[in-house]
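Here is a short briefing to read alongside the model.

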Amino acid sequence: MIRKLNEECGIVGVYNLEKDNASEIMYYSLMTLQHRGQESAGMVVRDNGNMLIYKQQGLVQNVFEPHILSYLKGTCGIGHVRYSTCGESTPENAQPVLRKYREGKIALVHNGNIRNAKEIRHALERNGQVFTTDTDSEVVLALIISNRLITGSIEEAVEKSMQVLKGGYSCILMTKQKIVAFKDPFGFRPLSFGKIGNGYIFASESCVMEVLNAKYERYLKPGEIIVISRKGFESIETTKSKGRFCSFEYIYFSRPDSFMNGLNVSKARLNLGRQLFKEHKLMADVVIGVPDSGNTAALGYSYESGIPYNKGFVRNPYVGRTFIKPFQEERALSVEMKLSPLTEMIKRKDVIMVDDSIVRGTTIKNLIKYLKDAGAKKVFAMISSPPVKYSCFYGIDTPKTEELLASNHSVDEIKNIIGADGLYYLSIEGLLEALKESKLGHCIACFDGNYPI
Ligand code: SF4
C-alpha cells in the first residue's frame, strides 16, 4: 500500500486457560495486523504466573522464528507490532513493556499517543521510578503500577490512571491473574474483542477474529475497561460519551475486512467514493484507484457515476514499503519501483484517479506523471477525504503542519503542484455522511483543526 501518513501500532491479547498456544494465536494475529506497524514485533506469554518476553525489530515472520515460538509457551499473552509515534525506533523501545513490582510481573501493549507523558514521567521519576525506554507506553505502565500500590485492584489502578492520561490510547495489560483491556474516553484508536475456544481474544482490528475463526463480539466503547480473569468477564464503563473515533481508520489505515464500530471498512470506502461523485458529478472515460484503499473508493465512484472502473496500476509487492525509508529521495524512488501504470487501460483517455488523501503530495505527483507519460489525455485527482491541514496528536505520525501541502496551499495551487487537470476533495460533511452507519462519533481534527483534547 502506498502510504503518506504513518499508522500507529497493532495490539493483541489472548486469554486462554486450556492450551499453552497463546504465542501461536498471537503470531497469526500480529501477521494479520502487520499493516499497522513494521518496525518491530514482540510478545509476552504467561504460564502459571511466569512471564516470558521476546521482542525485536523487524517483521513478524522474521522476528518469531519457529524455535522462538516453541520457547514462548503460555496460555495467555499480549503482543504488539510497532510503528513509532513516540520514542525512537530502537530494540529497547519495542513493545510489550514488562516490569516487575511488589505484586509480581506486569506487561502492557499500547496503541496511541499520550500527550502528557513527559509530565507524568517527570512526576514518577521524582518519586523514584526509573525508566528504561523513552516511550509513552512505559509511562502508562509505570503510572498504573504506582496507582496499584495505593488501590485494591489492577482495574481500580487502571481507572485512576485513565483520569490522568491525556491522549489517544488503546491498551492491553497482563498481570499474573488477569488481562485488562482499556480505551481512552474519546475512543480514538480501535480495539475489539471476541471469543476463541473457551477463552477471549482482543485485537486492534476485527479482521483478526475472521482470520483465526474466532467469534467477533464487539468493539470496546470509549472509556471502557474490560477485565478477564478466572472469575470471568467484567466491563467497566467510565463514560457514556459516543467518543471521537479516528475517521482515518476508515479512509485508509484499517484492513478492508475489518469492522469498526459496526461499519465495515470496505463499505465505508465505497461510501466515500459514492459521496465524491454526489458532490462533484465529474465525468470521464475511466475511473481508477491508487492501491489499495483508493481502489475501493474508485469503485464507489464508478457505481454512483456509471463510469467504468479499471485497475490503473500494477503493484510490485516485493518492493519495501515506501514510508519506512527516511529520506524524501528514497521515498520517491521506491514509489517509482512499486507502482506501474496499466498503459492499455488509460491511453488516450480522460482518467479520474481516486486517492485516499494528500499529505506531502510527493506520491500523487509521481503517479499523475506516470499516467500522463503512459498516454492519459487528462488526469483528474479525486480525494476520498477532506484536505489534511493539521497534524495528529492521537497516535498517527503525521508530518509537521508546515509539511502538509493543504495547510499552506489552496486547492488550485495543489492542483498545479501535483500536475493534475483537476483536483477535487470530499467535504467534511460528505465524510461524515459516508460514515453515518458507524455507531460512534468521529475525530476529524486533522481536517478542521478542532482538537478534542
Ligand atoms: S487527528 Fe486525524 S488521524 Fe488523528 S485521530 Fe483524529 S482523524 Fe485520526
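## Domains, ligand shell and helix packing

The domain assignment divides the protein chain into domain 1 (9–243) and domain 2 (264–448). Please keep in mind that this is a predicted model.

**Where the domains meet**

- Taken over C-alpha atoms, the centres of domain 1 and domain 2 are 33 Å apart.
- The contact between them involves 15 residues of domain 1 and nine residues of domain 2.
- On the side of domain 1 that touches domain 2, β6 (104–114) and β7 (167–174) each supply at least two residues.
- The most comes from β6, which gives three residues to that side of domain 1.
- Sorted by class, the side of domain 1 that touches domain 2 has nine polar, three nonpolar and three charged residues.

**Around the ligand**

- Which residues are around the ligand? They are Phe 188, Cys 246, Ser 247, Phe 248, Cys 392, Tyr 394, Ile 396, Cys 443, Ile 444, Ala 445 and Cys 446.
- The shell around the ligand has ten nonpolar residues, one polar residue and no charged ones.

**Helices α5 and α6**

- Helix α5 (residues 136–148) packs with helix α6 (residues 154–162) at an angle of about 120°, and their axes are 8 Å apart.
- Because of that angle, α5 counts as oblique to α6.
- α5 and α6 cross in a right-handed way.
- From α5, the contact takes in Leu 143, Ile 144, Asn 147 and Arg 148, while α6 brings Ile 154, Ala 157, Val 158, Lys 160 and Ser 161.
- By class, this contact of α5 with α6 has five nonpolar, two polar and two charged residues.

**Helices α9 and α10**

- Helix α9 (residues 265–280) and helix α10 (residues 293–305) cross at roughly 50°, and their axes come within 7 Å.
- The crossing of α9 with α10 is right-handed.
- On the α9 side, the contact residues include Leu 270, Leu 272, Leu 276 and Phe 277, along with Arg 269 and Arg 274.
- On the α10 side, Ala 297, Ala 298, Leu 299, Tyr 301, Tyr 303 and Glu 304 are among the contact residues.
- The contact of α9 with α10 divides into nine nonpolar, seven polar and four charged residues.

Methods:
Residues are numbered from 1 along each chain as its sequence is written. This is a predicted model: local features need pLDDT of at least 70, side-chain atom pairs count only at pLDDT 80 or more; totals for chains, interfaces and linings use all residues. Axes are lines fitted to C-alpha atoms, for helices over the stretch in contact, and angles run from 0 to 180 degrees between N-to-C directions. Helices (H or I, at least four residues) and strands (E, at least two) are DSSP runs, numbered from the N terminus. Angles under 35 degrees count as roughly parallel, over 145 as roughly antiparallel, 65 to 115 as roughly perpendicular and the rest as oblique. A crossing is left-handed if the near helix is turned anticlockwise from the far one by less than a right angle, and right-handed if clockwise. Two residues are in contact if their C-beta atoms, placed from the backbone, lie within 7 Å. Ala, Val, Leu, Ile, Met, Phe, Trp, Tyr, Cys and Pro count as nonpolar, Asp, Glu, Lys and Arg as charged, and the others, Gly among them, as polar. Domain bounds come from an automatic or database domain assignment. A residue is near a molecule or strand if its C-beta atom, placed from the backbone, lies within 6 Å of it.
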